Every structure is written in structure tokens, then in C-alpha cells.
Amino acid sequence: MTLFFGYHMPNYTFPELPPERLFDRTVELACAAESAGFDLVTVMDHFHQIGPVGPETEPMLEAYTALGALAARTDRVLLGAMVTGVTYRNPAMVAKQVATLDVISQGRAVLGLGAAWNESEHRAYGWDLPPIGERMDRLGEALEICRRMLRSDEPATFEGQHYAVHGALNVPHPLRPGAPPVLIGGGGEQRTLRFVARYADIWNVFGPLDELRRKNELLDRYATEADRDPGSIRRTVMVPLVLAADLAAGQRILERVVPERRSSTIVATPQRAQDVLGEYREAGFDGFILRNVNLPSPEAIGLAGEVIRALR
């Protein structure tokens, strides 16, 4: 597979801008990523900001409203949520939202699904947060319902323990046959990777390289057991990389990263970044996701574009 690059936007905190300019800056970053050669732009499916990014009182846009608006302002990049929490919405509704996003974007939607985890967010909004075992059961059923609704022209019927659809229509259908691509995030070895092996077109994960190598090999085994070609699953990694023209500028960006993540974040020039990403390539990954926390401006995104062009 050719190398694949994603620009993830978990952060909508722009202190230098008034609130009415928040979405303008979001569009500016997404368009800069598109111009730089990124293949995918994603947003978080959260309703409060999350601790790994910043205080929960910071701004957070609702994912599918934001994606629909970005679809009308971009031309080429794929668009999706990293990832839709299965506890937030009925999966048939998710399938409808993603099909609508695909139509608005002229065939550029990605379906991202995950088991959800943020307890304080669930408590604040009045949603149940079942134990992880039940959430994983729900994720499996949601993946099956979404596949039937998004990849078939026939009405979808499914009866599960937690969800059921009976002749669910999804018209207009997604524009591309066999699409939208399914993205699953996470590295759980007992269930998440088995879902990836069965359903996913794109897998996203993060962690130490040795651990990623092992999980990658395990996914190969699960895919073979599921009668899938392991090479048909794109492997992407969330790389904790700050790009800057020089290390001093990179340190200034690093100061905006929450303290808990600074020690694991790599500050690099474009040349050094190529070496860093090369280590992940050797571990079996063909995709790299960079976050707007670490690439907070069109100029920083432009440096990422240099890396993309050099590696391709």
C-alpha cells in the first residue's frame, strides 16, 4: 500500500481568536492539511474536551455537524470521526449520518467506530456507560448493522442482544461501492483486534514500538483466521510528533501539550521526522496520524507536507 497520512483535530482551543472564529480556524487547518497532501481529516466524537488534550471546559464541536460543514469546504480528503462512541448513538442513526456525510462530501466519508470510555462525559449527558464487556458486545453489533446499512442497497435487518433493525432503509446510499471505509481504533488483543480483522479497512493505534510490532503480528494472525488478506487492512499509528523548522520553535509548540504527554512527544525537523516515521514503517505501519495539538498552524502543517512529499 502507498503511505497514508491523517490529520486529527481533537483540539478547538484557539486563545488568540474570538469564539465566532473558531470554525473558521478549523476550516483553515483542514484545508491546509488537504493542500499539504494529507489523505484523511478526522475529528473527535466527544462532547467535553478529554484529559489527554486539555481541561473538559475547553471548546468541543459535535463531530457529525462539524464533519458535514467540513465536507462542504474541502475537496479531496477523506472525512470521519476518530472514533464514534458506540454508547452515544443508535448504530442505525450512525449509518444514516455517515451515508449523509458521504453524499455531502461526494464519496469521502469514513466510518470510525469504538467502544467509548469517558465516564464523566456519560455522567454529564445522562448516558449509560456499561461495563467494557457489554460495550464491546455493542460495538460488534453496531459494526454489523452499519455494514449492512452502508454496503448493501437492500433494507437492513439484524436482531442482536442490544440493537435491532427491521428493514432499515438508508437512502441515499453512500456513493462509492464497498464504502465508506471502516476505521477501528484501539489495540485490545482479545476483542478489538478481532473486530479489526473482521470489519476494518483502517486500523489506528498508538503506543511503544515494541508493543505495536507485537499487536501488528497478532492482527495478521486474526485476519488469516477470519479468511481475510492481512494486507487488505491499512495499519495507521497516532504518532506523537511536533514538527518545526527548528527545535526552539518546536519547544514552544510542546509547551501547549498537556504535561502528561510532553515526555512522550517527539520534537523534530522535517528531516528528523522522516527518520522517526521510518521506524514505524519498519514495524509494519503504512499510515501516520498527526494531531492538530502538535501541528497547530498552517505553517506547521506545511512542514508535514514536506515530509509527506519526501516519503512518497
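Is tyrosine 125 buried, partly exposed or exposed? Select it and see: at 41% relative accessibility, tyrosine 125 is partly exposed. That term covers values between buried (under 20% relative accessible area) and exposed (over 50%), using a 1.4 Å probe and protein chains only.

This is a predicted model, where local features need pLDDT of at least 70, side-chain atom pairs count only at pLDDT 80 or more, and totals for chains, interfaces and linings use all residues. Residues are numbered from 1 along each chain as its sequence is written, and side-chain values use heavy atoms, without hydrogens and water.

Now the rings. Phe, Tyr and Trp rings (for Trp the six-membered one) pair if their centres lie within 6.5 Å; planes under 30 degrees apart are stacked, over 60 edge-to-face, the rest tilted. The count is nine aromatic pairs.

Phenylalanine 47 is buried, at 18% relative accessible area.

Next, select tryptophan 127. Tyrosine 125 and tryptophan 127 are stacked, with 5.0 Å between centres and 15 degrees between planes. Tryptophan 127 is partly exposed, at 25%.

Move on to Phe5, Tyr7, Phe38 and Phe288. Ring pairs link them into a cluster.

Last stop: arginine 25. Its charged end sits over the ring of phenylalanine 14, 5.7 Å from the centre. "Over" requires NZ of Lys or CZ of Arg within 6 Å of the ring centre and within 35 degrees of the ring normal.
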